Amino acid sequence: MVSPKEIVVRALEEGRNKLLEHEAYEFLGAFGVPVPRFGLATSEDEAVRVAQRVGYPVVLKVVSPDIVHKSDVGGVKVNVASDEEVRKWFNNIMSNVSAKAPGARVVGILVQEMVPQDLEVIVGSTRDPVFGPVIMFGLGGVFVEVLKDVSLRIAPLAEYDAEEMLGEIKAARILQGYRGAPPRDRKALVDIILKVSRIMESVEEITDIDLNPVMSFPEGKGAKVADARILVRRV
Ligand code: ADP
Ligand code: MG
């Protein structure tokens, strides 16, 4: 197990300013942020072993520093349910990628736990040159993209601040339970917000964290990051 600092240093040494998806999960996991179980596979056999360890169904995704939108090149397959399917889709993704993104470096195939669909929220941070890390929270999809309904705080955050952020968005009632949908696990969201604040304070190389979406489950059921983008720079 490499330390979070080593993950960042290695990316920078390889001339990257973005962590690969599995690096981002490894990094977040080291800080206790809930991420899907995963493993990186470089062969069909290894992919099957990882899938058995992670538990079916799984998602297969190409990992490449040269591919930004994986789905566009046939690089993502969700809901893969058996050893046979893992073998089939491992090869399918590899041939899609060599046909649609010739020359792209492929680090491997990420085999990942399926995260059940639920209420999507986003937690993010940008390091402002004047204010330092600014932490953002909002609901996913149209709420952030169209309505810009987010709350912002300058790090470091106390638990109280994170709680306030949840209550401050215009759509706050959706988190409380709405038309038969149960109330969300607020504690789990507060915990992720606080951890993002702590990461930004303690790892100066990180310029941006974008956890989008974070799947927010009903009370008592937690939350889980379903996609993560982490940008780094030399300091
Ligand atoms: P990209 O945006 O590069 O095409 P993503 O990693 O976002 O690739 O995957 C594409 C889509 O597949 C996601 O938007 C999501 O709907 C689904 N997906 C990806 N990973 C998971 C997962 N672990 N569990 C459930 N669905 C997933
Ligand atoms: Mg995506």
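**View 1. A81 is partly exposed, with a relative accessibility of 42%.** Partly exposed lies between buried (under 20% relative accessible area) and exposed (over 50%), with a 1.4 Å probe and protein chains only. The model is predicted: local features need pLDDT of at least 70, side-chain atom pairs count only at pLDDT 80 or more, and totals for chains, interfaces and linings use all residues. A81 sits in the loop between β3 (76-80) and α4 (83-100). Helices (H or I, at least four residues) and strands (E, at least two) are DSSP runs, numbered from the N terminus.

**View 2. Y56 and P57 are in contact with A81.** Contact means heavy atoms within 4.5 Å. Neighbours of A81 within four places in sequence are left aside here. V59 is 22 residues from A81 in sequence. The C-alpha atoms of V59 and A81 are 9.1 Å apart in space.

**View 3. Helix α2 (residues 21-30) is mostly covered.** Of its 10 residues, 8 are buried. These are E21, H22, E23, A24, Y25, E26, F27 and L28. G32 follows α2. The phi of G32 is positive, near 85°.

View 4. Along the principal axes, the C-alpha atoms fill a box of roughly 50 × 50 × 35 Å. Of the 235 residues, 49% count as buried. Among contacts between residues at least 6 apart in sequence, 62% join residues at least 24 apart.

**View 5. The protein exposes about 11,500 Å².** Carbon and sulfur atoms supply 52% of that area. Accessible areas come from the Shrake-Rupley method with a 1.4 Å probe. The mean positions of the 30 positive and 34 negative charges are 2 Å apart. Lys and Arg count as positive, Asp and Glu as negative; His and the chain ends are not counted. Each charge is placed at NZ of Lys, CZ of Arg, CG of Asp or CD of Glu.

Residues are numbered from 1 along each chain as its sequence is written.

Methods. Chains are lettered from A and ligands numbered from 1 in the order in which they are written. Side-chain values use heavy atoms; hydrogens and water are left out.
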